[in-house]
Amino acid sequence: MKKILRYLKDYRKESILAPLFKMLEASFELLIPLVVAAIIDIGIPNRDNGYIVRMCAIMIVLGVIGLTCSLTAQYFSAKAAVGFATKLRHALFSHIQSLSFTEMDTIGTSTLITRMTSDVNQVQSCVNMVLRLFLRSPFIVLGAMVMAFTIDWKAAMVFVVTIPLLCIVVFGVMLVTMPLYKKVQAGLDKVLGITRENLTGARVIRAFNKEESEIRYFTNHNQLLTAMQVHVGKIAALTNPFTYIIINGAIVVLIWIGAVRVDSGILLQGQVVALVNYMSQILVELIKMADLIVNITKSVACGDRIQSIFETESSIKEKTKTEPEKNQKKEEYAVEFDQVCLTYQGAGAESLTDINLKVKKGQTIGVIGGTGSGKTSLVHLIPRFYDVTKGQVKINGLDVRDYPIDILRKKIGIVMQKAVLFKGTIRENLLWGNPDAKEADLWEALETAQAKEIAEGKENGLDSNIAQGGKNLSGGQKQRFTIARALVRRPEILILDDSASALDYATDARLRKALRSRKEEMTVFIVSQRTSSIQYADQIVVLEDGMAVGIGTHEELLQNCPVYQEIYYSQFPKEGK
């Protein structure tokens, strides 16, 4: 929590002025009981109407000045809290963007969303309240006790006993509830995760008629979260009744002592009223303090959760920030896999084992295999989404770990298995590939990706809107636009990770032909379940259980690779069968 407060450093002025104005307001508030005491002890007994009016006018002035100070403090505290939360969210989002796929997989999307939204909002609320109340409330409590001593020290001893008792209650509740609030936030993570899965997979849930079971599953976890919140809420709720009991008991004792001392002529009635007012001020401020403590408790838990994300470092480390000095154009091989092994974090076995492959510049490489054979894992090593456990992956003769991340990925265009488009226009989505691309480059990429007619068929052409996630496009249209987006970059290496699965055979064939006819010398990796999509590749890699069981041309593999034969003949049966 302390580490994330560094984002307040740009709001030092506001962070200082807000408490100062609140303390100034509190100072005027502490004077009010003395003015009331003067009216009761001087103005009323002497029937001095002028004095009473003057004292009332002073009270009004004190109230107006206090209100002005309070509004000023509110402004500065809100400005600091909102600015702090803005910087924190920005820093957190930037840090999340720096994490590798390994950390993303481990932490979970729903957890990261909770940290970015609910947790940051809770911390923002806490900063706002702390700036307004953290100094004001203790100042009122201690100030009221000091003012009570100026009136009568014996009566003020009630304050000396009451305030420590109240502190024990408030801080005791805080110590008990702090770990419980951490559990509540973890439960909230779980509920949000379930909600996200259900919204993302709504079509699948309905297709399998699983609405009722998913509702029950959500209800169970939601009830667990509710039970935890109720439990911690009950403990936190003890603060107010205990505080009221102690304060009201203290007021009873104070009135009794005051009555005795008034009867003895030591105190005046107005002074007793002032003492009771000071005790009431302490009651109000300690209730505020109790709420603040609860808020701080929640926020500390949220702040620790946010800090845990900041402390999570990417497993992808950059050795250099500048492009390695090497004449890469002389290298014969665009991509090399040298004894490559990959084990995912937490996995019990290797996902890839001893992969050896050399790819010349301009070659097309097909990657095929059964589900879970490691096809996607293999191509994800090229842009360094994951680091190899053993061996090396080289691009132009250099280990990918020796490249700066941004320079490495500028060389690569990748189209993922799941076609993802962002809310905006077709043009904006294509410019993700290259922000400096010209209109002719966009149309050329669309033509190669077989998406030109789709864009031309839209009313606004490239400026036609795409809904979030491409919801207003078919699966095949989304895939073609994502391929075009990768081509706009004009990459040295193009990776198509099963990205034509929604295309019909004719469109798929035209796409492959268009890729081969492009002028630039581009190395292409095609991951596919269809042998028709890769049979004309220069080399085909056949994977099974993470191992390369065959590498060669289509004809060679049909002769000597049983796994490839099984896949091919399952799609193109032999004549007579």
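A residue is called buried when its relative accessible area is under 20% and exposed when that area is over 50%. By this criterion, helix H16 of the predicted model is mostly covered, with 12 of its 14 residues buried. The buried residues are Gly476, Lys478, Gln479, Arg480, Phe481, Thr482, Ile483, Ala484, Arg485, Ala486, Leu487 and Val488. They pack against strand E6 (412–415), helix H13 (426–430), helix H14, helix H15 (452–457), strand E9 and helix H17. Just after H16, Arg490 adopts a positive phi of about 50°.

Helix H17 comprises the 12 residues 505–516. These should span 16 Å at 1.5 Å a residue, and the distance of 17 Å between the end C-alpha atoms agrees with this. At the N-terminal end, H17 is capped by Asp504, which has a side-chain oxygen 3.0 Å from the backbone nitrogen of Ala506. Thr507, Asp508, Leu511, Arg512, Ala514 and Leu515 of H17 are buried. These residues cover an arc of only 160° around the axis and therefore lie on the same side of H17. Tyr505, Lys513 and Arg516, on the other side of H17, are exposed. The partners of the buried residues of H17 are H14 (439–448), H16 (475–488), strand E9 (493–497), strand E10 (523–527) and helix H18 (531–534).

Strands E6, E9 and E10 also belong to an open sheet of six strands, in the order E6-E9-E10-E3-E11-E12 and with mixed pairing. E6 and strand E12 (547–552) stand at the edges; each has a single partner strand, so one side of each is left without a neighbour in the sheet. Neighbouring strands are turned by 15° against each other on average, direction ignored. Strand E11 (residues 539–544) and E12 run antiparallel and are joined by five bridges. In one of these, Glu544 is paired with Met547 of E12.

Two helices that pack on the sheet can be described by their contacts and directions. H16 touches E6 and E9, and its direction makes about 175° with that of E6. Helix H20 (residues 562–571) packs on the sheet through contacts with strand E3 (364–369), E11 and E12. The direction of H20 makes about 95° with that of E11.

Terms used:
Residues numbered from 1 in each chain as written. Predicted model: local features only at pLDDT ≥ 70, side-chain atom pairs only at ≥ 80, totals over all residues. Heavy atoms only, no water. Helix = DSSP H or I, 4+ residues; strand = E, 2+ residues; numbered from the N terminus. Expected span 1.5 Å × (residues − 1). Buried < 20%, exposed > 50% of the residue type's maximum accessible area, 1.4 Å probe, protein only. Arc of directions from axis to C-beta. Contact = heavy atoms within 4.5 Å. Polar contact = N/O pair within 3.5 Å; in protein donor to acceptor, adjacent residues only side chain to side chain. Pairing = 2+ DSSP bridges. Axes fitted to C-alpha atoms, helices over the stretch in contact; angles between N-to-C directions.
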